[in-house]
Amino acid sequence: MGFLLIVVICVLCHLVNSVVNLEANHRANSSLGGLVVLGGAEIERSESRRLHYPDGERRYPTGSPSDCDAFVRGQEGWIFTPNYPSDYDDHRTCDYVIQRLTPDTCRVEMTLNDFDLEESDHCLNDYLDLRDGQQGVLCGALASGTKKQLQFRSGQYTMTLRFKTDKENTGKGFMIQLKQVPRSCGASNIPTGPSACNQYMDTFTGSASSPGYPNGYPPNVRCAYTIRRADSRICKVLLEIRLLDFGRHTGGPCRGDYLEFPDLSRTCAGYPSRKIVDFLRGSDLLTFTFVSDGYGSGKGFDIEILQVPDSCATPSPPPRLPRPGDSQPCDQEVSSVTGHFTSPRFPNPYGTNERCRYTLRKVDPSVCSVELDFRRFELEYSGPRCSKDYLTLPSLNRLCGSISGKQLMELPKDSDYVNLYFVSDSFGHGLGFDIHVTQLFNTCEGTRSHGPCDQEVGTLTGRFTSPGYPTSYPANQRCTYSVHRVDATVCSVELRFVSFDIEYSGEQCSKDFLMMPDRTRLCGTTSGTRIIKFPAGSDILALNFFSDGFRTGRGFDIEVTQRRNTCRVPASDCGGEVTSSAGRISSPGYPRYYTSGLRCHYKIRRPDPSTCTVELDFRVFDVATSAGCSEDYLQLPDQSRLCGSQTTSKALDYSAVGSDVMTLTFVTDSIGAGRGFDIVVRQLPNSCSILPPPPSCDVTISEERTVIHSPNYPEDYPADALCVYSVRRLDRSVCQVQVEFLDFDLEPVPDCGSDFVQLEKNGERFCGVQTPPTAVLSFGDGDVLRMVFRSDSVSSRRGFEARVRQIRNSCYRPIGPANGRHCGTYSDAMFTIQSENFPLLYPPNTDCEYRIVRQNPTICQVELFFSHFDVASENQAHCDRDYLEVKGARYCGNRDGQRVLVDFPKNKNELVLQFKTDSYQQLSGFRIEVKQLTSGCPPPENKTCEQTFSSESFQVISPGYQSGSYPDGADCRYTVKKSSFQVCALQVKFYTFDLEQSEDCKKDYLDIAEQKLCGRMEYDSVRTYEFLEDEMLIQFHSDGFKNGAGFFLLFEQKTC
């Protein structure tokens, strides 16, 4: 047993010595290029700037990158603390970055072979932070072989583990094995091919398509398409949309099926087209999203992706200084501790089309932050994206509008200079800018050498003392005192001067001094307290102590207290306003936690009269929960309150507010604790339920023979046209209409997705330049047949001309001897209809009726899904041999996968499907899945209507106007009362007026001041009627036979 134990110990010692020797060999062998290969993984190390001195001590030059950082690229790898297995050093920060192996790798298995760090409460001293891997913080001594399961965050392709030590007490450190586990994501997260949901691309070119493309995508999906930047010189991606077919979209906002891009824009129609999208600042990932609702679908989309080379703002060759002879020097450079950047011709306004480069060169490697003092900054404001005149910072963040005060700008550790760029367009201009620049020493986190005087406070309370305190501090000191923010609620730090005695050198403190974060200097003696604030955008606050080579003082002893809930938000950051069709509102300071005592107002202004609905998309909503939302809450315009979490979107209506401005109010109590909210606001155009229609290209045909054509024919038709050609049955002897195209020239697009003519009864679309065949359509149970012409916004052509003829005596045309059989009656909400003998051949000479009985009064439609449909026909447009007839529309040929919506006949509870065949050819027939629907049904019509008006202007709309026609037997009375005694007349503007025409208006009519109106009136025509009394009666009457579209009228009372 003892012998076995000795063998195990020897093996372990050999393993440790091998690892140590491997690391030592790596340091000595520069040919490895900074790569250590362990367990098949590449671990990129930063050892090149570690210096070895003759005394054996290892030191780190100021400004060098962290020498212990590592990058794990393979499936397996090892990470160690510095000096392992000897004790690690004080004041170390090491980042171990794990690069995700493949998109289907979500889990990393971590094995602690050796782990010994300083033990402390809550691991505040020395620790290994695993929070980026969705675990906690480790410290102390842990058993060998302990395993942890780390998880990549959704959408991220790296994971960072951070090792950090304080200024005292060290340990042996750790030796950890990391192993990435392929195929460890949930099944729904793994891309399975080019047509899968959630796709990933990291090459220069590629493609993306909807799930199932081109055979239709499933309902209720939300797919993310992630593009990883392939090269640092790429900032833009070109999306070439080769096909986009979402089926049911007919114009207006994209709310059902759509693609959403990083700038929150959506698209759901129109192709081929191109779109340029930008990588977000500071991110190598770009994601666009595909969303489908629960209804039908089209083919989907197919997009070619190109990452645009050299698409970033041009960096690089060393910047030039203004050359002698430049009439208007533009490029500027600062290479000293302080300096100025000014716009061209400052203090006069800058000009148009300026392109200026401002170069800042570091004066010392320890400079990683620069203070920008905006003494004047007035550029033309062009929205949050600053698309016109702007100043671009090294972070690619753009500045425009008015800015004042001071900001910190971070500089990269590994570059000696950075460039800022000023751009103006060819239109507006502003007063320009004057920016004072100050370079800040010792601001490179984790890279400066820590002398005996450098001190840090990373807890709520701490203490700073001068070197040697309470004895006099030595000469020639340069010390940095850093406060690290403990959490997001801390914005202020209280300094209490227990003792302060530094050599006094006048008001300028030019000899020994303590420099505060705002650059003010303290010397001499002082006491009491001071409040200082963390710089904007930074979690580190630094004080600097300097002493010269002469006289010294006793020094200082300062108590440090980080004060929670001190992040007061300026009034300008509290609230906001959205005036365009899309915008964003967020809680003050988001994504930091919001503070206490807030009352912020967010205004949403209606952009145009056609917008009635506002959609709030809650990307993040985390507000402290309380009973009745009485503490922290977001109050909506209807006075309802939201708190806790919110994930579903909400719709607001301007009509409910009664104003063109909606106000949301965010209120927090005296505590205030929550992440806050980030809400995308979309104002939906054309979302009002009733709008005065624009001048129409609709045509109603009631003649036996006529010729119709596209708008402007034979000139090019307009863009975005939507014309409905309605053929009204001439008399009861007419059951069919013949449509013969005489000329035809529409934009040729596959599947006729852009410009097209569509026949309502059989659903066929025609486009291109080939003349469609002559079509014969049946009225069925109705009295109206419709043909629709639609054009998109891209291109226009000559259009079409067609002859329309109503065929008399066309109501009875049987095919072959009829069996006259009743083949089934169905009344369930869902059922299946099959042809006889299905899936075998149906019999010849069939005349079969299938009756669908309305299940309940709320049913208004039937959905027919042809899961299989194969009926013989020589001409699918005419269906003159075998066919299935539904409400006058005939279906034949192969129609697998087609979905048809059919309305129940008015005032009937039965819908009849008739299947007729001849004796020539038999096929497999059909299988139809049927659903009875209540969605989209109009409310029951109110045939009685009585209203009174007394305002100066008002609208009158016929009953049933929204559904397309007024009901039979309507009798409406509209009483108009004078708004004042000065009113003498009533003016009527006719937006729409379409009542049944009859002699002396005896059938349907509108009676105004005992004058009857019927038939049609021109759009926007005006009539004026005199008030004979203080009231005027207007009556509307319809009989029980033939109806029109109705009327939409605007009334205005006129004074004498």
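Residues are numbered from 1 along each chain as its sequence is written, and side-chain values use heavy atoms, with hydrogens and water left out. Because the model is predicted, local features need pLDDT of at least 70 and side-chain atom pairs count only at pLDDT 80 or more, while totals for chains, interfaces and linings use all residues.

Helices (H or I, at least four residues) and strands (E, at least two) are DSSP runs numbered from the N terminus, and two strands pair if DSSP finds at least two bridges between them. Five strands form an open sheet in the order 14-16-21-18-19, and their pairing is mixed. Strand 14 (199–201) and strand 19 (266–267) stand at its edges with a single partner strand each, so that one side of each is left without a neighbour in the sheet. Within this sheet, strand 18 (residues 258–260) and strand 21 (residues 285–291) run antiparallel and are joined by three bridges, with Glu260 standing opposite Thr289 of strand 21.

Accessibility is given in classes, buried meaning under 20% relative accessible area, exposed over 50% and partly exposed in between (1.4 Å probe, protein chains only). Glu577, in strand 42 (residues 576–578), has a relative accessible area of 47% and is therefore partly exposed. Once neighbours within four places in sequence are left aside, Glu577 is in contact with Lys603 and Arg605. The C-alpha atoms of Glu577 and Lys603 are separated by 4.6 Å, although the two residues are 26 residues apart along the chain, and the side chains of Glu577 and Arg605 are joined by a polar contact of 2.3 Å.

Asp557, which has its place in strand 41 (residues 555–563), counts as buried because its relative accessibility is 8%. Its side chain makes a polar contact of 2.7 Å with that of Arg463. Not counting residues up to four places away in sequence, Asp557 touches several residues, among them Phe464, Tyr469, Arg496 and Phe497.

A search of the whole structure finds 14 disulfides, each a pair of cysteine sulfur atoms within 2.5 Å. One of them joins Cys254 to Cys268, with an S to S distance of 2.1 Å. This pair links distant parts of the chain, 14 residues apart, with Cys254 in the loop between strand 17 (236–245) and strand 18 and Cys268 in the loop between strand 19 and strand 20 (273–278). The link is left-handed, with -75° about the S-S bond, and both cysteines are buried.

In a further disulfide, the sulfur atoms of Cys330 and Cys356 are 1.8 Å apart. Cys330 lies in the loop between strand 22 (300–308) and strand 23 (332–334) and Cys356 in strand 25 (residues 355–361), so the pair ties together parts that are 26 residues apart in sequence. The torsion about their S-S bond is about -115°, so this disulfide is left-handed, and Cys330 and Cys356 are buried.

The sulfur atoms of Cys752 and Cys767 form a disulfide at 2.2 Å, which is left-handed because the torsion about the S-S bond is about -80°. Cys752, at 10% relative accessibility, counts as buried, and Cys767 counts as buried at 17%.

Conventions:
Contact means heavy atoms within 4.5 Å. A polar contact is a pair of N or O atoms within 3.5 Å; within protein, one must be able to donate a hydrogen and the other to accept it, and residues adjacent in sequence count only if both atoms are side-chain atoms.
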